[in-house]
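Biologist: Hi! I'm new to this one, could you walk me through it?
Modeller: Happy to, let's bring it up.

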Amino acid sequence: MSTRVGVLGATGAVGQRLIQLLAPHPEFEIAALTASEDSAGRTYRDAAKWRVGTPIPESVADITVVETEPDAVPNDVDLLFSSLPSSVGAAVEPAFVEEGYVVSSNSSNGRMDEDIPLTIPEVNADHLSLIEVQRDERGWDGALVKNPNCSTITFVPTLAALDEFGVERVHVATLQAVSGAGYSGVTSMEIIDNALPHIGGEAEKMETESRKLLGDFDGAELRMHDAEVSASCNRIPTLDGHLENVWADLSEAPTVEEIAEAMTDYPSADLHSSPEQLIEVFEDPERPQPRMDRMLGDGMSVAAGGIESTPRGVQYNCLAHNTIRGAAGASVLNGELLLEEGYL
């Protein structure tokens, strides 16, 4: 029996990716779509300017879009996927949770709140138990779970694999695709024949979210990871796929072969959307590349390569599809974890 789900902010870039992933999903049935007041009352076919590279799913096309408010969503919807702008999510998501809805959110608001799980199921599934703390402290009947920023989710699985060698300091420089800014986020005159050496707020997200994701939860309180993390974020003219250069200082001195083995052997999760191989390691120093490698594992794998020892640890490159693994796919994966753990 399928779990009835809804998508908040269904007409936007991440909302469309969510629908692309959810429409054929064996465990979820799309039962509600919300958007702005201008789109409400129209069929999804008419409301959404469909931009995903596959046809709009027929099972969704004729659903009537409703406003993004709890009263407009049917009570029998068990799980909501949120792709709302953070300014809207900050006001709207708690209202849904107070009404008993469980929300798996890609929006950035609340990610660093002490009682809100920020989760990558393959990395820190145990943090989902923060929901109990959240319900006790806020009196919520539902639950709110977040997935991290699209650039954070690219390098954190590789750091989780390296943590057996004692991750002490990390610097990461990103080469981020234009789709990460949304359809109208970067104009062609800005990005063609160019690179933008600053993405507002992105470095801070990577520096804080990574430490929360890699932290320890004792059942009552979450302790952030001790590593120092610094980030430099850049926008480049690729369509999809964030490529990142990582330098990690380690307390031990593993060989390149040991590092590659740790990444390759890092386990995936037993969830529908988890790839069979979470981290795919290339020996070819010219890989990974966005155009060639962003769809590994149907867009849910992380690719790594260019591994080299440094006097203090290791440097390497990693890559993930930013709107699949880094956004919509991450929310769907958290929804699958919520279902598996009995929160729906």
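Modeller: A quick definition to begin with: Ala, Val, Leu, Ile, Met, Phe, Trp, Tyr, Cys and Pro count as nonpolar, Asp, Glu, Lys and Arg as charged, and the others, Gly among them, as polar. Also, please keep in mind that this is a predicted model.

Biologist: Thanks! So how do the residues lining the largest pocket divide?
Modeller: Its lining has ten nonpolar residues, 21 polar and four charged. The volume of this largest pocket is about 770 Å³.

Biologist: Which residues lie nearest its centre?
Modeller: Those are Val14, Ser83, Leu84, Asn106 and Gly180, out of 35 lining residues.

Biologist: And which helix gives the most to that lining?
Modeller: That's α1, with three residues. Helices α1 (13-22), α9 (202-213) and α12 (324-340) each supply at least two.

Biologist: New topic: how many aromatic pairs are there?
Modeller: The count is three. In one of them, Phe28 and Phe81 have ring centres 5.7 Å apart and planes at 70°; over 60 counts as edge-to-face, so this pair is edge-to-face.

Biologist: Where do those two sit in the chain?
Modeller: Phe28 is in strand β2 (residues 28-35) and Phe81 in strand β4 (residues 79-82), 53 residues apart, so to speak linking distant parts of the chain.

Biologist: Are they buried or exposed?
Modeller: Both Phe28 and Phe81 are buried. Another edge-to-face pair is Tyr44 with Trp50, with centres 6.2 Å apart and planes at 80°. Tyr44 is buried too, at 0% relative accessibility.

Biologist: What about Ser87, buried or exposed?
Modeller: Ser87 is exposed, at 60% relative accessible area, and its place is in helix α4 (residues 86-98).

Methods. Residues numbered from 1 in each chain as written. Predicted model: local features only at pLDDT ≥ 70, side-chain atom pairs only at ≥ 80, totals over all residues. Heavy atoms only, no water. Phe/Tyr/Trp six-rings, centres within 6.5 Å; stacked < 30°, edge-to-face > 60°. Helix = DSSP H or I, 4+ residues; strand = E, 2+ residues; numbered from the N terminus. Buried < 20%, exposed > 50% of the residue type's maximum accessible area, 1.4 Å probe, protein only. 1 Å grid on protein atoms, 1.4 Å probe; cavity = no way out; pocket = protein on both sides within 12 Å on 5 of 7 lines; lining within 4 Å. Points joined across faces, edges and corners; volume = space filled by probe spheres on them.
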